[in-house]
Amino acid sequence: MKKVSSVNVVKPKVAANFTELVLPSSIQASQETTIYARTSGYLQKKLVDIGERVNRGQLLAIIDAPETDQDIQQARAEFAKSEANLAQVQADLAQKQSNLSQTKANLKARQAELAEARTNLELARQTWQRWQLLQKQGAVTTQAADERQTAFNASRANVDTLIARVNSDQESVNTALAAINSQKANINAFIASRSVSKSDLQRITALQTFKQIVAPFAGVITARNVDSGALISAGSNNNNGNSWLFKIAQTNNLRIRINVPQAFVQSIHTGQNALVRVRELPKKSFSGKVIRTADVLDANSNTLLTEIEVQNSDNMLRPGMYAEVTFKTERANPPLLVPANTLVINADGI
């Protein structure tokens, strides 16, 4: 009877629904910026140095800018002059308006006098005509009739004189109105000039506030590029090596950017927790959270750029550290597992 060989048999097992994805990464500050000067001058005082922690709005340095101080004095003088000029033309307008009121009052009085004179003229004409009839009838003397004619002629002359005065007063009113309109145009011009002077003063005042260099956010000073007495140029990128003043980084919150392979992209989502470890702290792990993804895979590496936020209130982590990020991901189709020694690998494959 032929002997049959015996073999060991194992049953394949379904892998766990969850697996760990470990990816390398580098820690970065949540915010990091370079601070430049906004006004030119000499660095009068340096108040912080590298490694110092600062609060938002804290004074970092003071720039001595005598040219800016002189400019602001000149701008204030120009603004005061423009306001004085505007006040003067406004006073002139008030005077012209007062003159117009007086001229209108004179015109109204002359018009009243003219109306009265015309009434008197009509009365004198009627009286003269009646006395002419009486003269023809022999009821009055010729001298008496001539006196009534003289009175009529005097009334007519008075009316003509008042008409001329009314026309003259009307011309005065028109002239006063034209002067007022011209003065209003002058006022508009002076208002525009004052606005320009005010804007220039506000601009230079803003430049003067830039003499004080303040921290844009709370963080740590990571670099300093100037010393007291150094010449500073506003916004310069080639100021003899003094193009920037400080570099500051916010380290109470850190961010980590990793590239997730395509095979695990479906397992990564915003709000997902991650575990962060660094070699220098082998017994310590840090909790992180996915805050955003690029939502598009990189065409060259077929990976998804993912950003993780890590709280660092105790400042144990530092930007620039190498770290490993671990995700606990769920398998959509868990594979079957068999021991490695059950596989035969040769030239034909597995």
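This report describes the sheet, the helices, the charged pairs and the surface of a predicted model.

## Basis of the description

The model is predicted, and local features are taken only where pLDDT is at least 70, side-chain atom pairs count only at pLDDT 80 or more, and totals for chains, interfaces and linings use all residues. Residues are numbered from 1 along each chain as its sequence is written, and side-chain values use heavy atoms, with hydrogens and water left out.

Four of the strands make up an open, antiparallel sheet whose order is 6-5-3-8, where two strands are taken to pair if DSSP finds at least two bridges between them. The edges are formed by strand 6 (212–214) and strand 8 (231–232), each of which pairs on one side only.

Strand 5 (residues 59–64) is joined to strand 6 by three bridges, the two running antiparallel. Within this pairing, Ala-61 has Ile-213 of strand 6 as its bridge partner, and Ile-62 has Gln-212. Strand 5 also pairs with strand 3 (residues 41–46), again in the antiparallel sense and over four bridges; here Ile-62 of strand 5 stands opposite Lys-45. As a general point, side chains in a regular strand alternate between the two faces of the sheet.

## Helix 1 and its end

Helix 1 covers residues 66–136, and its 71 residues should span 105 Å at 1.5 Å a residue, which agrees with the 103 Å between its end C-alpha atoms. The expected span is defined as 1.5 Å times one less than the number of residues in the helix. Just after helix 1, Gly-138 adopts a positive phi of about 80°.

## Salt bridges

The structure holds 11 salt bridges, each defined as a side-chain nitrogen of Lys or Arg within 4 Å of a carboxyl oxygen of Asp or Glu. Arg-110 takes part in one with Glu-113, at 3.9 Å from N to O. Because Glu-113 and Arg-110 are three residues apart in helix 1, about one helical turn separates them. In general, an α-helix has 3.6 residues a turn, so residues three or four places apart point the same way. Accessibility is classed as buried (under 20% relative accessible area), exposed (over 50%) or partly exposed (in between), with a 1.4 Å probe and protein chains only. Glu-113 is partly exposed at 33%, and Arg-110 is likewise partly exposed at 26%.

Arg-110 also forms a salt bridge with Asp-169, in which the closest N and O atoms are 3.7 Å apart. This pair links distant parts of the chain, since Asp-169 belongs to helix 2 (residues 142–209) and Arg-110 to helix 1, 59 residues apart. Asp-169 counts as buried, with a relative accessibility of 14%. A further salt bridge brings together the side chains of Glu-147 and Arg-148 (3.8 Å, N to O); Glu-147 is partly exposed at 43%, and Arg-148 is partly exposed at 27%.

Thr-303 lies in strand 12 (residues 303–311) and counts as buried, at 13% relative accessibility. Its side chain makes a polar contact with the side chain of Ser-301 at 2.6 Å. A polar contact is a pair of N or O atoms within 3.5 Å; within protein, one must be able to donate a hydrogen and the other to accept it, and residues adjacent in sequence count only if both atoms are side-chain atoms.

## Surface and chain ends

Val-338, Leu-343, Ile-345 and Ile-350 make a nonpolar surface patch of about 440 Å². Patches are built from residues with over 30% relative accessible area and no salt bridge, with like charges joined within 9 Å and nonpolar side chains (Val, Leu, Ile, Met, Phe, Trp, Tyr) within 5 Å; the areas come from the Shrake-Rupley method with a 1.4 Å probe, and for residues only the protein chains shown count as cover. Leu-343 lies in the segment after strand 14 (336–337) and is partly exposed, at 42% relative accessibility.

Asn-8, in the segment before strand 1 (13–14), is exposed, with a relative accessible area of 82%. Although 334 residues separate Asn-8 from Thr-342 in sequence, their C-alpha atoms are 9.5 Å apart in space.
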